[in-house]
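This briefing is meant to be read beside the sequence and the coordinates, and it groups its points by topic.

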Amino acid sequence: MLRIVLVPFFIWFLLADNGAEGIWRWVAVLAFAVAIYTDKLDGDIARKRGQVTDFGKIADPIADKLLIGSALIILSALQELPWWVTILMLVREVGITVLRFVVIRYGVIPASRGGKLKTVLQTAAIFLYLLPLSTVAPWLGIIALIVILVALLVTLVTGVDYIVQAIRLRAAVKAGPS
């Protein structure tokens, strides 16, 4: 829940100086890093205590989508990230979220390893894009582009995988016990 609360602050920090490389850009980087760390911490605690819940399986991806989606949209609005990357990623994210809710009566589709890799790659790319690159190291822009393109590929491939999982889940429930 803390990630969801941090999203408006992250957005405000990133837009506070119109995305320029001032102090607010660094505060936005810090807010993003804290939000991502809370994701890892929450997952570690849940697994350690054996408290993986259906609510967590749904709420965690939604919190990820709010944070990552807002970052993608703002970075594109600031003309730092191509809109086509943002649109493809968001269509996949919204589509899979809707799909999860449609098939929830048959069961929960938890995040897969590929889905987790997708989140890590998206997060790493966004973090690189958020850094004030001209002050840190201009060559990081090339690395950020490579990482976001790999993240996009994994995003699309895992989207197809989730569709296949949903079809199988629905078919298994409709077929009944074996």
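Which backbone oxygen does the side chain of Thr97 reach? In this predicted model, the side chain of Thr97 reaches the backbone oxygen of Glu93, at a distance of 2.8 Å.

**Thr97 in its helix**

- Thr97 is part of helix α4, and with a relative accessibility of 17% it counts as buried, because the cut-off for that class is under 20%.

**Nonpolar cores**

- The largest nonpolar core comprises 35 residues, and those with the most contacts inside it are Phe10, Ile126, Leu130 and Ile148.
- At least two residues of this core come from each of the helices α1 (2-15), α2 (23-49), α3 (54-77), α4 (83-103), α5 (113-130) and α7 (140-175), and α7 gives the most, with 7 residues.
- When neighbours within four places in sequence are left aside, Ile126 is in contact with Phe32, Ile68, Ala71, Leu72 and Leu75.
- As general background, nonpolar side chains in soluble globular proteins tend to be buried together.

**Aromatic pairs and their cluster**

- The structure contains 5 aromatic pairs, and one of them joins Phe9 and Phe13, whose ring centres lie 6.5 Å apart with 35° between the planes, so that this pair is classed as tilted.
- Phe9 and Phe13 both belong to helix α1, where they are 4 residues apart, about one turn of the helix.
- The two residues fall into separate accessibility classes: Phe9 is partly exposed at 47% relative accessibility, whereas Phe13, at 16%, is buried.
- Trp12 and Trp24 form an edge-to-face pair, with 5.0 Å from centre to centre and 75° between the planes.
- This pair links distant parts of the chain, since Trp12 lies in helix α1 and Trp24 in helix α2, 12 residues apart.
- Trp24 has a relative accessible area of 32% and is therefore partly exposed.
- Taken together, Phe9, Trp12, Phe13 and Trp24 make up one aromatic cluster.

Note on methods
Residues numbered from 1 in each chain as written. Predicted model: local features only at pLDDT ≥ 70, side-chain atom pairs only at ≥ 80, totals over all residues. Heavy atoms only, no water. Core = buried A, V, L, I, M, F, W, Y, C linked by side-chain atoms within 4.5 Å. Buried < 20%, exposed > 50% of the residue type's maximum accessible area, 1.4 Å probe, protein only. Contact = heavy atoms within 4.5 Å. Phe/Tyr/Trp six-rings, centres within 6.5 Å; stacked < 30°, edge-to-face > 60°. Polar contact = N/O pair within 3.5 Å; in protein donor to acceptor, adjacent residues only side chain to side chain.
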